[in-house]
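This report covers one protein chain, taken topic by topic. The structure is shown below.

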Amino acid sequence: MFGSFEFGLPEDPRRARRSGLRLWLLGVPTTLAWAVVGWSGALGLLDGFRLMSLNRVDAWGTDAGPAVSLVLFFSISITVASSLGFAMLWGGGMSLRGMGVGFRASSLAASLGVALGSGFAIPSWTPPESVGQRLAVSGGAAEPWTDVDWIVYYEPYLVPGVAGVTALVMVMVLGRAFVTRAEADDRAQALARTGRQVTGHVIGVEFANVWVMGNPRFTVRVRFPTETGERTVTTTMMTPPMRAPSRGSTVKVTYDPHDPDTVQVDPDPADRAAGGNLGAFLPPLF
């Protein structure tokens, strides 16, 4: 099998702070753009559909000029908002984890903007001509509203309410992601600052069936020396295809002297055996 593919680059912890700042800077115009989408969509689209659903079939008749203009405004604003949201996706950094944070931040900006814009539009929704019953058509008897009709009637409040709840959930999810990311960055920086680098030997390697920007990811068992003797750990590493690890190849191991199981494994530039494991991850020809 060809395995799975992930689009992104290995993350550089030194760029994490700057990518977070970019997300905040992009988040403001993105939220405002989605607020315009929420406002114009509520009054230009949903308001008309709501009236037609509640038995005013001429809602987009000869007097629908402003509504048509709002639909055009909605089309333009959603294009701008989507473009800014796409920029936020990449604003988190060119890494898998950074793109995940960018996606959550973009989702937060969209839901918060829609909640603000549709909430601002609440007083401008057109009231139905009759509440509680449908208008009589061609002299027929008026029919009472169904449960669905009542849901549609309260749509001006439901749209911002649902978007607001979604935004609240995304705030919690994004907050947790930022905390997790900050903790991981702190650990990586502490390991780079206080860790000790030695040469380790690969004693086991298995392709993880994942490709990241054309680079295969491996699960490796590495034996390396420490002050208290040799240790063996199992971890993951990602290399270019021509630097794929193999049994017996050497790698650079950075470990925490106080916790030798906390390691970072990188390819060894001086290793001559690297690249001898191409068959472990190349797809079968037949």
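## Nonpolar cores

A nonpolar core is a set of buried Ala, Val, Leu, Ile, Met, Phe, Trp, Tyr and Cys residues joined through side-chain atoms within 4.5 Å. The structure discussed here is a predicted model. Its largest nonpolar core has 16 residues, and those with the most contacts inside this core are Val222, Phe224, Val251, Val253, Val263 and Val265. At least two residues of the core come from each of strand S2 (196-212), strand S3 (215-226), strand S4 (229-238), strand S5 (250-256) and strand S6 (259-267). In soluble globular proteins, nonpolar side chains tend to be buried together.

Which residues does Phe224 touch, if those up to four places away in sequence are not counted? They are Val198, Thr199, Gly200, Gly229, Glu230, Arg231, Val233, Val253, Tyr255, Pro260 and Val263. There is also a second, separate core, of ten residues, with Leu23, Met88, Val101 and Ala105 among them.

Ser118 is placed in helix H3, which covers residues 96-120. With a relative accessible area of 2%, Ser118 falls under the 20% limit and is therefore buried. A polar atom of the Ser118 side chain lies 3.5 Å from the backbone oxygen of Ala115. Neighbours within four places in sequence aside, Ser118 is in contact with Gly38, Trp39, Pro156, Val159 and Pro160.

Ser111 is also in helix H3. The relative accessible area of Ser111 is 9%, and this residue is buried. A polar atom of the Ser111 side chain lies 3.1 Å from the backbone oxygen of Leu108. Ser111 and Gly38 are 73 residues apart along the chain, and their C-alpha atoms are separated by 9.2 Å. Gly38 is also one of the contacts of Ser118.

## Aromatic pairs

How many aromatic pairs does a search of the whole structure find? The search finds seven. In one of them, the ring centres of Trp145 and Tyr153 are 5.4 Å apart and the planes are at 50 degrees, so this pair is tilted. Trp145 is buried, at a relative accessible area of 7%.

Trp150 and Tyr154 form a stacked pair, with 6.3 Å from centre to centre and 25 degrees between the planes. This angle counts as stacked because planes under 30 degrees apart are classed that way. Both members of the pair are partly exposed: Trp150 has 33% relative accessibility, and Tyr154 has a relative accessible area of 41%. Ring pairs link Trp145, Trp150, Tyr153 and Tyr154 into a cluster.

## Salt bridges

Side chains of opposite charge can pair when their charged atoms come close. The structure holds two salt bridges. One is between the side chains of Arg196 and Glu227, at 1.7 Å from N to O. Arg196 lies in strand S2 and Glu227 in the loop between S3 and S4, so the pair ties together parts that are 31 residues apart in sequence. Arg196 is partly exposed, with a relative accessible area of 36%, whereas Glu227 is exposed, at 62% relative accessibility.

The side chains of Glu230 and Arg223 also meet in a salt bridge, at 3.9 Å from N to O. Glu230 is exposed, at 61% relative accessibility, and Arg223 is partly exposed, at 35%.

## Confidence along the chain

The average pLDDT of the chain is 76, and 76% of the residues score at least 70. Where in the chain is confidence lowest, and where is it highest? The lowest mean, 39, belongs to strand S1 (residues 4-6), and the highest, 88, to helix H4 (residues 147-153).

Over residues 1-14 the pLDDT is below 50, and the model gives this stretch 41 contacts beyond near neighbours in sequence. Residues 58-65 also have pLDDT under 50, and the model has eleven contacts for them beyond four places in sequence.

How values were computed:
Residues are numbered from 1 along each chain as its sequence is written. This is a predicted model: local features need pLDDT of at least 70, side-chain atom pairs count only at pLDDT 80 or more; totals for chains, interfaces and linings use all residues. Side-chain values use heavy atoms; hydrogens and water are left out. Rings of Phe, Tyr and Trp (its six-membered ring) pair if their centres lie within 6.5 Å; planes under 30 degrees apart count as stacked, over 60 as edge-to-face and the rest as tilted. Buried means under 20% relative accessible area, exposed over 50%, partly exposed in between (1.4 Å probe, protein chains only). Helices (H or I, at least four residues) and strands (E, at least two) are DSSP runs, numbered from the N terminus. Contact means heavy atoms within 4.5 Å. A polar contact is a pair of N or O atoms within 3.5 Å; within protein, one must be able to donate a hydrogen and the other to accept it, and residues adjacent in sequence count only if both atoms are side-chain atoms. pLDDT is the predictor's confidence in each residue, from 0 to 100. A salt bridge is a side-chain nitrogen of Lys or Arg within 4 Å of a carboxyl oxygen of Asp or Glu.
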